Amino acid sequence: MSAKDAAAPPQAERNVAPQQKPGQEPAQENAGQAVQPVQDQERQLVRTATVDLRSDDVLKAIGEVKSRATAVGGFAGQENSTKKSGSVTVRVPSAELDRVVRDLASVGEVTRSEVRSEDVTDQLVDTESRMATARASVERLRVLFERAGSTTEIAQVEAELTKRQADLESLQRRAESLKGKVAMATLTVQVATVPIAPPEPEKAGFLSALSGGWNALLTVLNGILIAFGALLPFLVALALPTAAVIYLLRRRRRVTRMNEAA
């Protein structure tokens, strides 16, 4: 094997591939890890939910939310609470999300409930397909590394092998992250002693556009005034000597003209 082969793994990989007999089907590397077509796969959904509760005892309500998440095999995450308001984020199995959201009605008064789903099937299938390709490439490069003879060839193949392994590990982490999000749904619960105001819907139309333009104009004018206020001391400091120079020049011209007239 030459150094050029090591630098171009696809060509070298063809060199080490076993020859096939006439009529024999091409060998399928990593056949057991073939990726199932997207249309044949069960849809992979990342589910999230947000619930607003009103409760007279905020700390107790948040404790109830965490207990219910733990009871179904989940766990609590970020929490921020006071006596008047608080929030907690929990992770629960996706299959249990709807039941947990319904059960929150017994913890406090539900003032808002929203459940969302994001289909990541295509992302997961694409990642797994790239993983299979990267894994096969790494295996072929390992064969080339074992057959490398010179120090130069070993260094070139090893550098390429390290790069391919890093790419494979990155894909594996992405796949694990997606699978984790699919398996465990995220539920965010906000609790307050008074009903939490719902988010204002986005306004559309002429009046909202006019209001946005007016606010933008005020912002620009405010920025100009701030800049002028910052420059004003320097302008005053420069104005006095400039005025003195202009006065002296004009006086000199008058004196020169009077002398010429005389």
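This is a predicted model: local features need pLDDT of at least 70, side-chain atom pairs count only at pLDDT 80 or more; totals for chains, interfaces and linings use all residues.
**Stop 1: the whole chain**

The chain has 262 residues, and buried residues make up 24% of them. Its secondary structure comes to seven helices and five strands. Followed along the sequence, the elements come in the pattern α-α-β-α-β-β-α-β-α-α-β-α. Among contacts in the chain with a separation of 6 or more, 81% are between residues 24 or more positions apart.

**Stop 2: Gln44**

Select Gln44, in the loop between helix H2 (9–16) and strand E1 (45–54). Which residues does Gln44 touch, leaving aside its neighbours within four places in sequence? The contacts are Glu118, Asp119, Val120, Thr121, Leu124 and Val182. Gln44 and Leu178 are 134 residues apart in sequence, while the C-alpha atoms are 9.0 Å apart in space.

**Stop 3: Ser94**

Move to Ser94, which sits in the loop between strand E3 (85–93) and helix H4 (97–103). Is Ser94 buried or exposed? Ser94 counts as buried because its relative accessible area is 11%, and the cut-off for buried is under 20%. Display the residues around Ser94. Not counting residues up to four places away in sequence, Ser94 touches Arg47, Lys181, Val182, Ala183, Met184 and Ala185. Val182 was also one of the contacts of Gln44. The C-alpha atoms of Ser94 and Val182 are separated by 7.0 Å, and the two residues are 88 residues apart along the chain.

**Stop 4: Lys66 and Glu79**

Next, look at charged side chains. Side chains of opposite charge can pair when their charged atoms come close. In this chain the count comes to 15 salt bridges. Select Lys66 and Glu79 and show their side chains. A salt bridge joins Lys66 and Glu79, at 2.8 Å from N to O. The pair links distant parts of the chain: Lys66 is in helix H3 (residues 58–71) and Glu79 is in strand E2 (residues 75–81), 13 residues apart. Lys66 is partly exposed because its relative accessibility is 26%. Glu79 is partly exposed too, at 38% relative accessibility.

**Stop 5: a network of charges**

Select Asp52, Arg112, Glu114 and Arg116, which are linked in a network of salt bridges. Zoom in on Glu114 and Arg116. The side chains of Glu114 and Arg116 meet in a salt bridge of 3.2 Å, N to O. Glu114 has a relative accessible area of 33%, so Glu114 is partly exposed. Arg116 is partly exposed as well, with a value of 34%.

**Stop 6: helix H6**

Select residues 151–183, which form helix H6. How many residues apart are Lys163 and Asp167? Lys163 and Asp167 are four residues apart, about one turn of the helix. Their side chains meet in a salt bridge, at 3.5 Å from N to O. Lys163 is partly exposed, with a relative accessible area of 48%, and Asp167 is partly exposed at 35% relative accessibility.

Go on to Ser177, which lies in helix H6. The relative accessible area of Ser177 is 36%, so Ser177 counts as partly exposed. Ser177 and Leu124 are 53 residues apart in sequence and 9.8 Å apart in space, C-alpha to C-alpha.

**Stop 7: helix H7**

Finish with residues 206–261, which form helix H7, and color the surface by residue type. Select Trp214, Leu217, Leu218, Val220, Leu221 and Ile224, which make a nonpolar surface patch of about 580 Å². With 40% relative accessibility, Leu218 counts as partly exposed.

What kind of charge gathers on the surface at Arg250, Arg251, Arg253, Arg254 and Arg257? These residues form a patch of positive charge. Arg254 also belongs to helix H7. Arg254 is partly exposed, with a relative accessible area of 47%.

Note on methods. Residues are numbered from 1 along each chain as its sequence is written. Side-chain values use heavy atoms; hydrogens and water are left out. Patches are made of residues with over 30% relative accessible area and no salt bridge: like charges are joined within 9 Å, nonpolar side chains (Val, Leu, Ile, Met, Phe, Trp, Tyr) within 5 Å. Accessible areas come from the Shrake-Rupley method with a 1.4 Å probe; for residues, only the protein chains shown count as cover. A salt bridge is a side-chain nitrogen of Lys or Arg within 4 Å of a carboxyl oxygen of Asp or Glu. Helices (H or I, at least four residues) and strands (E, at least two) are DSSP runs, numbered from the N terminus. Buried means under 20% relative accessible area, exposed over 50%, partly exposed in between (1.4 Å probe, protein chains only). Lys and Arg count as positive and Asp and Glu as negative; His and the chain ends are not counted. The place of a charge is taken as NZ of Lys, CZ of Arg, CG of Asp or CD of Glu. Contact means heavy atoms within 4.5 Å.
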